[in-house]
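Here's a quick briefing to read with the model open next to you. Have a look at the fold, then go through the points below.

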Amino acid sequence: VKEVLGNTYILPNILGFLNWKELLQARVCRRWREAVRCTPVPESRTADSWQTPELYVGNREAAEALGWLSNALPMLTSLNFLFDIGKSKLFQVANGEDAGPSLMVSTTLRNRNSPRPVDISCIANFHHLRNLAIHGLYLNGRYPFLFEFSNLRTLEFYNLGRLKWDLSILVNMPNLEKLRCISNHSLTGTLSDTRVLKETLKELGLSHCTKVDGNLKELADFPMLRDISLHGCKNIVGDIRDMRPGDFQSIESMGIPASVWGGGDLPSIEETPDIMHAWYILKKQHSKVFTNMRLGLSLDSPERYDNNVHHSREMPSHVEFVQAEKRLGWRWTNCVFGGACETNWLDPEPSNLSLRYTKELQKIVDDVTFYEGFFAPPTQGEHLQRYSEFRGW
């Protein structure tokens with residue numbers, strides 16, 4: 001036993017069953033400290049769903065301790081900075097390269113006796129990081145050391161002030177599977193820059209990163225991509241009608257900006273069938289696409305009207321998919337029960353009508369009352385006529 005406990009080659013295999021907190025407690029002597037340094041810290045969530053505590057940095061003391069921690073646990077695999085953006089005013093992170101004027105320097109920080117800005121460059125010492133998440137921490141400028149982890153699988157940046165970086169730097173992280181960068185208004189680049197991750201990327205979130213541009217079609221042949229969230233990326237373009245069978249073959253959730261034709265408000269009633277057919281191609285590949293989701297007729301459309309009626313009789317200005325067993329169709333609706341139009345079926349009726357199909361079909365039919373016989377929104381005159389007929393019943 002003495003031989004095993006003193007062997008710095010065997011010890012890491014034993015210590016590898018401990019989480020990072022327990023590893024720090026195991027540093028009881030020089031030999032064990034060296035063994036801990038050689039111990040791969042286990043993933044916080046393993047394949048068999050076993051969870052261990054993750055390392056969270058949420059205050060100045062924890063941020064200042066990163067240098068010491070990177071020496072004690074250099075093989076740490078997960079690092080999380082979780083701040084309320086207002087909370088991060090209590091201290092300032094040292095500016096990066098090409099920093100702009102800071103907006104977060106409070107009255108307290110102007111005092112010459114206040115603590116110095118915290119240097120977080122020691123993050124670069126965690127060479128084995130697989131997961132890096134930074135939320136609500138005000139950064140100003142470029143921090144190249146945040147993008148030098150070749151083993152990284154997950155990168156999450158949420159509300160990081162004026163962090164400057166370009167998607168072309170993703171070439172440094174060839175194993176990345178999940179990229180989520182939300183409301184990073186200084187992020188630049190084009191969707192084609194993500195193609196270096198074509199074989200590995202599973203989730204891509206760039207919502208409200210307004211300087212990112214490119215065409216949605218650049219992502220169509222990513223074999224592993226399941227989740228896309230590009231809401232608010234006004235410079236990303238494309239046409240949902242360009243979808244072909246086999247595109248986005250693994251997609252389960254797709255949030256695309258209004259600047260992609262068919263991804264936002266519906267331009268007109270006439271163009272809607274083409275848009276829904278494009279979404280149908282994706283939904284046939286993965287049923288989770290367009291689930292609990294509706295598209296609405298543009299508020300600027302001249303086809304819109306308001307006849308000042310009860311909300312249950314308002315114009316059916318939204319579209320949604322309906323499904324009876326495996327049969328898919330779509331319809332217009334005003335989002336109130338009884339306010340749906342007839343279904344535009346995209347799949348043929350099955351030859352054998354199962355009990356499940358019959359029940360699900362009847363539920364769809366029961367939602368069609370006021371707009372019975374209409375497969376698209378009626379004109380304003382037709383709507384008023386139908387309304388008068390219902391009032392007379």
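**Structure briefing**

The protein chain has ten helices and 19 strands, where helices (H or I, at least four residues) and strands (E, at least two) are DSSP runs numbered from the N terminus. This is a predicted model, so local features need pLDDT of at least 70 and side-chain atom pairs count only at pLDDT 80 or more, while totals for chains, interfaces and linings use all residues. Residues are numbered from 1 along each chain as its sequence is written, and side-chain values use heavy atoms, with hydrogens and water left out.

**Overall packing**

- Of the 393 residues in the protein chain, 45% count as buried; that means under 20% relative accessible area, with exposed being over 50% and partly exposed in between (1.4 Å probe, protein chains only).
- Take the contacts (heavy atoms within 4.5 Å) in the protein chain with a separation of 6 or more: 58% of them come from residues 24 or more positions apart.

**Helix α8**

- Helix α8 covers residues 272-285, and its 14 residues should span 20 Å at 1.5 Å a residue, which agrees with end C-alpha atoms 20 Å apart; the expected span is 1.5 Å times one less than the number of residues.
- Buried residues in α8 are T272, I275, M276, A278, W279, Y280, I281, L282 and K283.
- The cover over those buried α8 residues includes the strands β14 (253-255), β15 (260-261), β16 (295-296), β17 (318-324) and β18 (327-333).

**Strands and sheets**

- β16-β17-β18-β19 is the order of four strands in an open sheet with antiparallel pairing; two strands pair if DSSP finds at least two bridges between them.
- β16 and β19 (344-345) sit at the edges with a single partner strand each, so one side of each has no neighbour in the sheet.
- Two bridges link β16 and β17 in the antiparallel sense, and L295 has V319 in β17 as its bridge partner.
- Strand β13 (residues 235-239) has I236 and G238 on its covered face, and N235, V237 and D239 on the uncovered one.
- β13 runs parallel to β11 (residues 212-215), joined by three bridges, and D213 stands opposite N235 in β13.
- β13 also runs parallel to β15, this time with two bridges; here D239 is opposite W261.

**Second largest pocket**

- The second largest pocket has a volume of about 240 Å³. On a 1 Å grid over the protein atoms alone, a pocket is an open set of points where a 1.4 Å probe fits, with protein on both sides within 12 Å along at least five of seven lines, and lining residues have an atom within 4 Å of a point.
- Its lining is made up of V322, Q323, E325, R331, F337, R356, E360, K363, I364 and D367.
- Both β17 and α9 (355-366) supply at least two lining residues each, and α9 gives the most, with four.

**Two buried residues**

- H383 is in helix α10 (residues 380-392) and counts as buried because its relative accessibility is 1%.
- Beyond residues up to four places away in sequence, H383 touches Y305, N307, V309, R313, E314, M315, F370, Y371 and P378.
- E156 is in strand β5 (residues 154-158) and is buried, with a relative accessible area of 14%.
- Leaving out neighbours within four places in sequence, E156 is in contact with L132, A133, I134, H135, K178 and R180.

Methods: Points joined across faces, edges and corners; volume = space filled by probe spheres on them.
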